[in-house]
Amino acid sequence: MKKIIGKEFAVIFLIISTVFFLVQCINNGEEEVYKKEKGVEITEVRKIKFQQYAGSATCITCHKKIYETHVHTAHYFTSRPAEEKFIKGSFEKDRNVYVFHPGLSVSMEKRDSGLYEVAYSNGVEKAARRFDIVMGSGAKGQTYLWWRGANLYQLPITYFTAADQWCNSPGFPDKVDFVRPITSRCLECHTTYVNTTSPVQQVPEEYDHNQILYGVDCEKCHGPAEKHVEYQLQNPKDSTAKYIINPARLTRQQNLELCALCHGGRLQKIKPSFEFTAGDKLSDYFVPNTTGPTVGDVHGNQYGMLRESKCFLRSGTLTCVTCHNPHENERGKIALLSQRCITCHNTEQHTFCKIDPARVPSMKSNCIDCHMPKQRSMSIAVLLPGDVVPTAALIRTHLIKIYPEETEKVISMMKRQSVK
């Protein structure tokens, strides 16, 4: 009897050991180093799946007011299917052509099968590629993507809002180029989720057409919500939100890193895109940016610039959402944003502006133009028709400090307005 028990125990132990070994092999396989790029090892850990997302429309039931304001934000519109209503550029005759040089042009055209960028050489059509995805809300501009199989490519002509014109896409050569591939890192900042179906070492990467969540939406900041929605619908009386991330309960650094995912400069990933979620540590997914916070373009590294600002250094609580409400469209509301400055910079704390109020009649209505002026971004610089020098988009710096020349401009402008 003891021998039989011993044999059964040995068999059970062997089974358990085998299962454990297989599990370890699977886990090790998931984290296997499969690429080295610039000396950095990239490991594949795919913990986030499309099926874990509920879609922002499911949020309406419990968060109707927030949803209705969020759908008007630039974040929400930072990527969309390429329907004409989402495209800012014109398809009207005489406004729909970009000329590279005599004999070579691209025309934006409506056809029965969709909207197209069509390349012509000496009046002869050479290639036509369909608008499939819009990238960018249009606040500064928009660029457009087209599908070839499971690959995504950028179209050569972009819309530039400041000039209300079609232009050559930023960084493109002075010729028609339909084959610049779109990476998952690019999509990571312009969508909530895209299922990348190819291994990272494959270029161009492949994506699932049917597993895309457009825009920077609710689940980008609150995490995949499928379990949350399921639970709350089944337990409507439970007011404690389950299976969801509330950024308000995160630490200051966690909140900052959530925004830094896309506003933290050129981050080099060490794990596949779309794996980082709210509350995660950014350095677990990206190589820390060691180029210096304010080195580089004003576009894209708002986090690095903010961290060098005295406002940030002297505060123990300041984050991006101290000034920005991600649920509402506050673009251009200078007076509203300035009021948030005054919560810390006021006469009671002896931290208010030192300029004589007599010089500026409406001092409290505009802190932004003086201390966060718009600067040229060469990352978003485009060639307008006939130009040989790129025109740069103007973007507000997040290096908050005193800019004497900009201050004088603002004072002069305010004086002119007060006279009127």
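**View 1. Thr322 in helix H9 of the predicted model.** Thr322 has a relative accessibility of 39% and therefore counts as partly exposed. The residue lies in helix H9. The model shown here is predicted. Setting aside residues up to four places away in sequence, Thr322 touches Thr317 and Arg340. Leu337 sits 15 residues from Thr322 along the chain, and their C-alpha atoms are separated by 9.9 Å.

**View 2. Helix H6 and its packing partners.** H6 covers residues 252–263, 12 residues in total. From first C-alpha to last, the helix reaches 16 Å, close to the 16 Å expected at 1.5 Å a residue. Buried residues of H6 are Asn255, Leu256, Glu257, Leu258, Ala260 and Leu261. Which elements do the buried residues of H6 pack against? Five are helices: H3 (184–190), H4 (218–222), H7 (302–307), H8 (310–314) and H9 (320–323). Strand E17 (286–287) is also a partner. Just after H6, Gly265 takes a positive phi of about 85°.

**View 3. The largest nonpolar core.** This core has 23 residues. Ile87, Met108, Phe131, Tyr144, Ile157 and Trp166 have the most contacts inside it. Which strands each supply at least two residues of this core? They are E4 (97–101), E5 (104–111), E6 (114–121), E9 (141–148) and E11 (157–160). E5 gives the most, with 3 residues. Nonpolar side chains tend to be buried together in soluble globular proteins.

**View 4. Ile87 and its contacts.** Neighbours within four places in sequence are left aside here. Ile87 is then in contact with Ala82, Leu115, Phe131, Val134, Gln142, Tyr144 and Trp166. Apart from the core of the previous view lies another, of 20 residues. Leu250, Tyr303, Leu318 and Leu337 are among the residues of this other core.

**View 5. Aromatic pairs.** How many aromatic pairs does a search of the whole structure find? The search finds 15. Is Tyr76 buried or exposed? Tyr76 is buried, with a relative accessible area of 13%. Phe77, at 27% relative accessibility, counts as partly exposed. Elsewhere, ring pairs link Phe91, Phe131, Tyr144, Tyr159 and Trp166 into a cluster. Phe131, Tyr144 and Trp166 are also among the residues with the most contacts inside the largest core.

View 6. The structure holds 0 disulfides. For Cys341, the nearest cysteine sulfur is that of Cys367, at 4.4 Å. A disulfide needs sulfur atoms within 2.5 Å, and Cys341 is in none. Cys341 has 23% relative accessibility, so it counts as partly exposed. Cys353 is in no disulfide either. Its nearest cysteine sulfur, that of Cys370, is 6.8 Å away. Cys353 is partly exposed, with a relative accessible area of 30%.

**View 7. A cis peptide bond at Pro204.** The bond from Val203 to Pro204 is cis, with omega near 0°. Most peptide bonds are trans. Where does Pro204 lie? Pro204 lies in the loop between strand E14 (191–196) and strand E15 (207–214).

View 8. Most residues other than glycine have a negative phi. Asp94 has a positive phi, near 75°. Its place is in the loop between strand E3 (79–81) and E4. Asp94 is exposed, with a relative accessible area of 72%. Asp164 also has a positive phi, near 50°. Asp164 is found in the loop between E11 and strand E12 (165–168). At 41% relative accessibility, Asp164 counts as partly exposed.

**View 9. The chain as context for the close-ups.** The chain has 12 helices and 19 strands. Of its 420 residues, 41% count as buried. Among contacts between residues at least 6 apart in sequence, 55% join residues at least 24 apart. The chain exposes about 24,000 Å². Carbon and sulfur atoms supply 57% of that area.

How values were computed. Residues numbered from 1 in each chain as written. Predicted model: local features only at pLDDT ≥ 70, side-chain atom pairs only at ≥ 80, totals over all residues. Heavy atoms only, no water. Helix = DSSP H or I, 4+ residues; strand = E, 2+ residues; numbered from the N terminus. Expected span 1.5 Å × (residues − 1). Buried < 20%, exposed > 50% of the residue type's maximum accessible area, 1.4 Å probe, protein only. Contact = heavy atoms within 4.5 Å. Core = buried A, V, L, I, M, F, W, Y, C linked by side-chain atoms within 4.5 Å. Areas by Shrake-Rupley, 256 points an atom, 1.4 Å probe, with all protein chains shown as cover. Phe/Tyr/Trp six-rings, centres within 6.5 Å; stacked < 30°, edge-to-face > 60°.
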